[in-house]
Amino acid sequence: MPTRCFQFIVALIVCFASCAGELMQETNIITQLFLPLSLAFIMFSVGLELTIADFKRVVVQPRDFLIGAISQIILLPTVAFMLLSFWQIDPALAVGVMIIAACPGGITSNLMTYLARGDTALSVSLTAVISLLAVITLPLIVSFSITHFMDAQNAPVLSIGNTIIGVFVITTVPVAFGMLVNRYATSFARRFERKARIVASVLFVLIVAGAIASERENIVDYFIQAGPLTLVLNVVMMIVAACLARVASMGLKQRIAITLECGLQNGTLAIFVAATLIGNTTMTVPGGIYSLIMFATALIYLLIVKSKAQKSEDKPAKIR
């Protein structure tokens, strides 16, 4: 992509961000057009960095992958449900928490794993495979959450079949297309990859800001309800994943990958499911808040890991 064209796209996105909150309240252009297209582009950028070899690692490292997958697909939603069982919170917000807990990781978890010197290949494998499995697991968890936390009068009607199709079209198809571009136009993919990541990051920030801005009249109350809960969920899950990996005698790099993969979820997908597929902006709030919190906790974790690594390097070797 020519530099001027790329700069124009970024400028257009930034300009669009300035009025995102207003638009989300006054029209469905954001939720029905901009949000799906943005998520599709983000997933396409994920596909640009994937190869068939990333899926083969599931066979090569089955134990590491299975522990990471169980932590994210089973333990994360279970921990979220247990917290919601005794935490007083608005029913729509409770569903929103379950949505973010049911989402796979994203490009952020891969980047943070790389920066923390973890097993990036394992992180990418988990993101890729769990994103595909989420086509089935996410709609089922969301449907159960709506039925459990909301009464019949206020619960939105959710078609599991349509939700599966929606998640598949907006996540799996762009990822597959990105992989095809990476396979058959490798030089272009390498040149465009960095720019795509920047645009995807800007889109992510815009979507989170728009989700929070759309409920700005109630955001303080919602943040009081959902903020502490999402923080506890994030921290507890990272600790559980790290402990499980340690009990399984996994290497440090693998523990880092699984910890970050379970702490950094695809907030854009959570917001898309809530705003576009369900049509409830209140449910987008936990996804937006969690997305802000997970960056802070991931950075703290990154500093802790690097600090320990530095101390280990500085420690003098024992004389035998």
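Student: Which helices each supply at least two residues of the lining of the second largest cavity?

Tutor: H5, H6 and H8 (120-149) do. Helices here are DSSP runs (H or I, at least four residues), numbered from the N terminus. The model is predicted: local features need pLDDT of at least 70 and side-chain atom pairs 80 or more, while totals for chains, interfaces and linings use all residues. Residues are numbered from 1 along each chain as its sequence is written, and side-chain values use heavy atoms, without hydrogens or water.

Student: Which residues line the second largest cavity?

Tutor: Gln72, Ile73, Pro77, Ala101, Ala102, Cys103, Ile130, Thr137 and Ile141 (lining means an atom within 4 Å of a point of the space). They divide into 7 nonpolar, 2 polar and no charged. The cavity holds about 50 Å³. It is called a cavity because a 1.4 Å probe fits at its points, on a 1 Å grid, but cannot get out. The whole structure has 2 cavities of 30 Å³ or more.

Student: Which residues of H5 and H6 make the contact?

Tutor: From H5 come Gln72, Leu76, Pro77, Ala80, Phe81 and Leu84. From H6 come Ala94, Val97, Met98, Ala101 and Ala102. Contact means heavy atoms within 4.5 Å. By class, 10 are nonpolar, 1 is polar and none is charged.

Student: Why is H5 called roughly parallel to H8?

Tutor: The axes of H5 and H8 cross at roughly 25 degrees and come within 10 Å. The limit is under 35 degrees. That makes H5 roughly parallel to H8. This crossing is right-handed. Gln72, Ile73 and Pro77 are among the H5 residues that touch H8, and Ile130, Thr137 and Ile141 are among their H8 partners. By class, the H5 and H8 contact has 14 nonpolar, 5 polar and 1 charged residues.

Student: What volume does the second largest pocket have, and which helix gives the most to its lining?

Tutor: The second largest pocket has a volume of about 490 Å³. H7 (107-115) gives the most to its lining, with 6 residues. A pocket is an open set of points with protein on both sides within 12 Å along at least five of seven lines. Of the 27 lining residues, Ile107, Thr108, Asn110, Leu111 and Arg197 lie nearest the centre. The lining has 14 nonpolar, 11 polar and 2 charged residues.

Technical notes: Ala, Val, Leu, Ile, Met, Phe, Trp, Tyr, Cys and Pro count as nonpolar, Asp, Glu, Lys and Arg as charged, and the others, Gly among them, as polar. Grid points are joined across faces, edges and corners, and a volume is the space filled by probe spheres set on the points. Axes are lines fitted to C-alpha atoms, for helices over the stretch in contact, and angles run from 0 to 180 degrees between N-to-C directions. Angles under 35 degrees count as roughly parallel, over 145 as roughly antiparallel, 65 to 115 as roughly perpendicular and the rest as oblique. A crossing is left-handed if the near helix is turned anticlockwise from the far one by less than a right angle, and right-handed if clockwise.
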